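Keep the structure open beside you as you read.

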Amino acid sequence: MDFPWWRDAVVYEIYVRSFADASGDGVGDLAGVRRRLPYLADLGVDAVWLSPFYRSPMADGGYDVSDYRDVDPLFGSLDDFDALVTDAHARGLRVIVDIVPNHSSDEHAWFQAALAAPAGSPERARYLFADGGELPPNNWQSTFSGPAWTRLPDGQWYLHLFAPEQPDLNWRDPVVHAEFLDVLRFWLDRGVDGFRIDVAMGLYKAAGLPDTPPEDQAFKAESPIWGRPETHEVYREWRKVLDSYPGDRMAVGEVWTDSAEDLARYVRPDELQQSFNFAWLQAPWSPTAFREVIDDTLATVPSPTWVLSNHDVVRHRTRYDETDPGTGLARAKAALLVMLALPGSAYLYQGEELGLPEVTDLPPGTRQDPIFERSGGELFGRDGCRVPLPWSGTAMPYGFSPDGARPWLPQPVEWAALSAERQAADPGSTLAYYQRALALRRSLRRSLPDGIAWLDSPEGALVFTRGTLTCAINCGPDPVPLPPHERVLLSSGSIHAGTLPPDTAVWLS
Ligand code: NOJ
């Protein structure tokens, strides 16, 4: 079948701060990523998505951008970026970069100019300033806790759906459109293959910024805050730019929504090629829930994506462990096989191939996610899935940084057993399993049809075929018989006497 590359790609998310540190300052960087490209090529992924590495005061780990056209010195330089793209391409890996259009940093030149300019000025028109008196202009709450408004000494308020250091841009101002079109071209000219769009469903807010009931402030298909219809105009403009470059350049939207139909609205021939499908990542370990997510997605979204973890959520190994302790790793490995058997593309999060758990006991003083501070320590935030990767050795920094450097978050002592080096030498490791699964998928995928067919499944299990491939997963407490087959191609755990044990998945032909 002739597909554009992204259609069935396995994309590996690199949270740059936590992937590999070449400079020795304890923070991951672009040179670190470049050195580890052989690892990613061996793993068998098709593309990497790099979290923001632009100039930033790092109030939200780089999702507060002060210059969209430069690399933060913490992460390296534009030369490092160019070298990374060249080397990735030489190894057959595509590069997706993160674009953050909903808000800039408060240190961005535009926001600084807005602060220096009076109310009603063109400088302020690029953001969402409003008068409010003593109280904020409306009741909106920040996604990171607390009010979504901050007041300036001159009495005006500005909107920030995230931290106060992340003022929301005003997409009703044409200047904002022109600026981002130019930023897209800047990175496309440097050879990127695509963009991951941060908060893709948030750019427009309802005119008049009306008060909104708390339940409608959560991510929704449409509310005064999220999913405004005008947003789609932006992606139509962006698509024209992407299509004006050779080589199937693409964009994938971070769309948190409560409806598959809404997700599909972003994925259209003249809009985005993909949007992240977070339904599975929010589903419990349940065959009914899994089947519903799969059916809804395949019936609704033209170019499906599958995501189990990313840098914003508790790692899925740990999510699955929370309900049934001790099952997390087996379940995570089983879910991978289902994900990789489905039509569409799979997004992996760094470290899941090592079976890393969430780090739940970080000392409070080390936590850096603004959610932790803004919620007064009530919410741990996302640091637990962002702990730097263990590459090698038996003590911190486990090869993440040169010896002697302190990683920006401490790594658990148990991670000595999970290092990439150790797992690479063990054919029974999680890493070796991911490599086998990815290699097998690569060898099969272009011969498989775009749809699946469900087979009758024993209680607690799911079984489907995709052309010649049969995939079964057992989510229940008892072993179930294996579906009819000639060969076992791969299983996520050991299979005995023709049965599929609990928390295990298998590929059969
Ligand atoms: C979504 C990103 O994935 C998250 O890490 C960030 O904090 C928010 N958007 C705000 O940019």
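Of the 159 residues in the largest nonpolar core, Leu-50 and Trp-280 touch the most other members. A nonpolar core here is a set of buried Ala, Val, Leu, Ile, Met, Phe, Trp, Tyr and Cys residues joined through side-chain atoms within 4.5 Å, and buried means under 20% relative accessible area, with exposed over 50% and partly exposed in between (1.4 Å probe, protein chains only). The biggest contribution to this core, eight residues, comes from helix 12 (residues 328–341). Helices (H or I, at least four residues) and strands (E, at least two) are DSSP runs, numbered from the N terminus.

A word on the source: this is a predicted model, in which local features need pLDDT of at least 70 and side-chain atom pairs count only at pLDDT 80 or more, while totals for chains, interfaces and linings use all residues. Residues are numbered from 1 along each chain as its sequence is written, and side-chain values use heavy atoms, leaving out hydrogens and water.

Now click on Trp-280. Leaving aside neighbours within four places in sequence, Trp-280 has contacts (heavy atoms within 4.5 Å) that include Phe-290, Trp-306, Tyr-320, Ala-335, Val-338 and Met-339. Apart from this core lies another, of eight residues, among them Val-463, Leu-500, Val-506 and Leu-508.

Next, follow helix 12 to helix 15 (residues 430–444): their axes come within 10 Å and cross at roughly 10°. Axes are lines fitted to C-alpha atoms, for helices over the stretch in contact, and angles run from 0 to 180 degrees between N-to-C directions. Because angles under 35 degrees count as roughly parallel, helix 12 is roughly parallel to helix 15. Among the residues making the contact are Leu-336 and Leu-340 of helix 12 and Tyr-433 and Leu-438 of helix 15.

Five bridges join strand 16 (residues 469–474) to strand 20, with Asn-474 partnering Thr-504. Three bridges join strand 18 (residues 488–491) to strand 20, where Ser-491 stands opposite Val-506.

Key. Pairing = 2+ DSSP bridges. Parallel < 35°, antiparallel > 145°, perpendicular 65-115°, else oblique.
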